[in-house]
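Here are my notebook entries from an afternoon with one structure. Have it open beside you and follow along.

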Amino acid sequence: MSEIQLTQEKADTLRNICREHANDPGELINILHKTQDILGYLPAEAQQLIAGELHIPVSRIYGVVTFYSFFSMTPKGEHPISVCMGTACYVRGAEKVLDEFKRVLKINVGETTADGRFSLSSLRCVGACGLAPVVLIGEKVYGRVVPGDVEKIISDLTKQ
C-alpha cells in the first residue's frame, strides 16, 4: 500500500468525517460523499485513509466508488459537464451532443481538459425528460441542447 499523500490538514479533516459517523462501515457512502465534497474526487490516498479509520479493506471502498457513478476517482474540471443519456435524451439526440462536446473539448468521457477547465461525463437520467436532451454543467441545467449549441456553451463558460 502506498503512503498517503494528503496534506495533514486534509487527512485530519477526513479522520474527523469518519469520527462524525462513529467510524461505522455502514456509513461508508455518507463518508465518501462528504470526502468528495471536500476533495472534489476520491483519490486512492483518501480511500486508504478511510479504510484504515473504518477497519475495512480498501477493496470494499474501491468497489463502492467504482459502482456508483456519482463518485469519481479523478479530479473534475472547473466546469464539470454531464450529458444525460437516459431514454428521452438519447432518443432526441444526446449521443450527437456528447460527440460534439468530445470533439470541441478534445477529450473523452471520464477525462478532464489539460487546463483543468472542463471535464466530461455521461449519466443515465437527470429527471428533466421534457427538456431532452439535457446537459448539466455544475448545477446548471441546459435543456433542448443540439450539437450546434455546444461551441457557444463552451465559449460562454470560457469567458467566466
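**Entry 1: contacts and the whole chain**

I began with a term: contact means heavy atoms within 4.5 Å. With that in hand, I looked at contacts in the protein chain between residues at least 6 apart in sequence, and 61% of them join residues at least 24 apart.

I noted that this is a predicted model, where local features need pLDDT of at least 70, side-chain atom pairs count only at pLDDT 80 or more, and totals for chains, interfaces and linings use all residues. I also noted that residues are numbered from 1 along each chain as its sequence is written, and that side-chain values use heavy atoms, with hydrogens and water left out.

How confident is the predictor? I looked up pLDDT, its confidence in each residue on a scale from 0 to 100. The mean pLDDT of the protein chain is 93, and 98% of its residues reach 70 or more.

Next I looked up the elements: there are seven helices and four strands in the protein chain. Here helices (H or I, at least four residues) and strands (E, at least two) are DSSP runs, numbered from the N terminus. From that end, I read the order as α-α-α-α-β-α-α-β-β-β-α. The C-alpha trace spans about 50 × 30 × 25 Å along its principal axes.

**Entry 2: helices α1 and α2**

How do α1 and α2 pack? I found helix α1 (residues 8–20) and helix α2 (residues 28–39) at an angle of about 155°, with their axes 10 Å apart. Axes are lines fitted to C-alpha atoms, for helices over the stretch in contact, and angles run from 0 to 180 degrees between N-to-C directions. The two helices are therefore roughly antiparallel to each other; the cut-offs are under 35 degrees for roughly parallel, over 145 for roughly antiparallel, 65 to 115 for roughly perpendicular, and oblique for the rest.

I then listed the residues that make the contact: Lys10, Thr13, Leu14, Ile17, Cys18 and Glu20 come from α1, and Ile31, Lys34, Thr35, Ile38 and Leu39 from α2.

**Entry 3: buried or exposed?**

Of the 160 residues of the protein chain, 39% count as buried.

Is serine 119 buried or exposed? Serine 119 sits in strand β2 and has a relative accessible area of 8%, so it is buried. Leaving out residues up to four places away in sequence, I found that serine 119 touches Lys76, Gly77, His79, Pro80, Ile81, Ile107, Glu111 and Thr112.

Valine 146 lies in the loop between β4 and α7. Its relative accessible area is 43%, so valine 146 is partly exposed. I also checked valine 146 against cysteine 125: they are 21 residues apart in sequence and 17 Å apart in space, C-alpha to C-alpha.

Which residues have a positive phi although they are not glycines? I found histidine 55, with a phi of about 55°, in the loop between α3 (44–54) and α4 (58–67). Histidine 55 is exposed, at a relative accessible area of 71%. I also found arginine 144, with a phi of about 55°, in the loop between β4 (140–142) and α7 (150–158). Arginine 144 counts as exposed, at 53% relative accessibility.

Last, I looked at a cis peptide bond, which joins alanine 132 and proline 133, with omega about -10°. Proline 133 is in the loop between β2 and β3 (135–137).

Definitions and conventions
pLDDT = per-residue confidence, 0-100. Buried < 20%, exposed > 50% of the residue type's maximum accessible area, 1.4 Å probe, protein only.
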